[in-house]
Amino acid sequence: MKPAKTLPAIDLADRAAALALTPVSRETAARLDRFVEMLIARQAIMNLMAPSTIPTLWTRHVADSLQLLPLIGPEARTFVDLGSGGGFPGLVLACALADREGAAFHLVEATQKKAAFLRDVAADLGLPVTVHAERIEDFNRKKPVVPDITTARALAPLPVLLGYVYPLLTKTGCALLAKGQDVEAELTQASRSWKITADLVPSVTSPDGRIVVVRGLERAR
Ligand SMILES: C[S@@+](CC[C@H](N)C(=O)[O-])C[C@H]1O[C@@H](n2cnc3c(N)ncnc32)[C@H](O)[C@@H]1O
């Protein structure tokens with residue numbers, strides 16, 4: 001058997017910085033601590049995030065996911081996270097909104113080992129999470145739920161991403177898409193195929209980052 005890798009330690013100052021950026025309840029912080037503990041343990045045997053980001057994973061990944069919370073209305077109950085990977089932002093949001101009555105999170109992740117990890121965390125923490133271990137294209141064909149909120153982070157360029165989001169968007173729902181510095185160029189390219197109604201919200205964790213809040217989407221003629 002291959003020996004487990006030695007991983008860099010979590011920086012407690014980074015955790016404090018993340019929770020200062022995006023304050024959460026004590027219960028949520030405890031759930032996030034356990035999620036991070038499981039993430040680090042599993043990272044020793046599989047790649048759930050870029051190894052260079054581990055020491056700052058609280059600001060880099062957890063806070064980056066938590067910053068979506070203020071964009072989620074109090075009535076939202078059904079969530080779909082596309083390409084969840086190690087659980088960003090889907091599992092983080094599930095940790096934060098676990099106590100919301102009727103909340104249901106659907107995480108779509110094609111890589112079976114990552115999906116197994118997401119299931120393990122959800123079971124350990126008793127989160128209202130269903131993991132769909134399949135491709136987004138197959139999930140969308142079946143469309144087992146109608147989400148109030150669809151999320152995606154680091155998944156695909158906007159022209160592709162909007163194709164994933166389109167079948168899930170309703171008149172009252174929206175999509176929260178975390179994007180980096182290329183967002184303007186991606187929007188220009190996407191607008192050739194899509195009529196997009198969206199707001200751009202600056203990221204609190206990255207100076208070049210934006211959250212694209214998509215409220216309406218039609219295919220351009
Ligand atoms: C770069 S990772 C990002 C993971 C996570 N959202 C994050 O921000 O850390 C993209 C993830 O999406 C998954 N993925 C990519 N294309 C997919 C598809 N068509 N259907 C389902 N999962 C997909 C990959 O397996 C991978 O775990």
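Trainee: Which strands does helix H4 lie across?
Mentor: Helix H4 (residues 90-97) lies across E1 (78-82), E2 (104-108), E3 and E4 (149-153), and runs at about 170° to E2. Contact here means C-beta atoms, placed from the backbone, within 7 Å of each other. Axes are lines fitted to C-alpha atoms, for helices over the stretch in contact, with angles from 0 to 180 degrees between N-to-C directions. Helices (H or I, at least four residues) and strands (E, at least two) are DSSP runs numbered from the N terminus.

Trainee: What should I know about the model and its numbering?
Mentor: This is a predicted model: local features need pLDDT of at least 70 and side-chain atom pairs count only at pLDDT 80 or more, while totals for chains, interfaces and linings use all residues. Residues are numbered from 1 along each chain as its sequence is written.

Trainee: Thanks! In what order do the strands of the sheet come?
Mentor: The seven strands run E3-E2-E1-E4-E5-E7-E6 in an open sheet with mixed pairing; two strands pair if DSSP finds at least two bridges between them.

Trainee: And which strands stand at the edges?
Mentor: E3 (129-132) and E6 (194-202) do; each has a single partner strand, so one side of each lacks a neighbour in the sheet. On average, neighbouring strands are turned by 20° against each other, direction ignored.

Trainee: How many bridges join E6 to E7?
Mentor: Nine, and E6 runs antiparallel to E7 (residues 210-219). Ala198 stands opposite Val214 in E7. Helix H8 (residues 183-190) lies across E5 (174-179), E6 and E7, at about 165° to E6.

Trainee: Switching to helix pairs, at what angle do H1 and H3 cross?
Mentor: Roughly 30°, with the axes of H1 (residues 12-21) and H3 (residues 57-66) coming within 8 Å. H1 and H3 are therefore roughly parallel; the cut-offs are under 35 degrees for roughly parallel, over 145 for roughly antiparallel, 65 to 115 for roughly perpendicular, and oblique for the rest.

Trainee: Which residues make that contact, H1 with H3?
Mentor: Asp14, Arg15, Ala17, Ala18 and Leu21 of H1, with Trp58, Thr59, Val62 and Ala63 of H3. They divide into six nonpolar, one polar and two charged. Ala, Val, Leu, Ile, Met, Phe, Trp, Tyr, Cys and Pro count as nonpolar, Asp, Glu, Lys and Arg as charged, and the others, Gly among them, as polar.

Key: Two residues are in contact if their C-beta atoms, placed from the backbone, lie within 7 Å.
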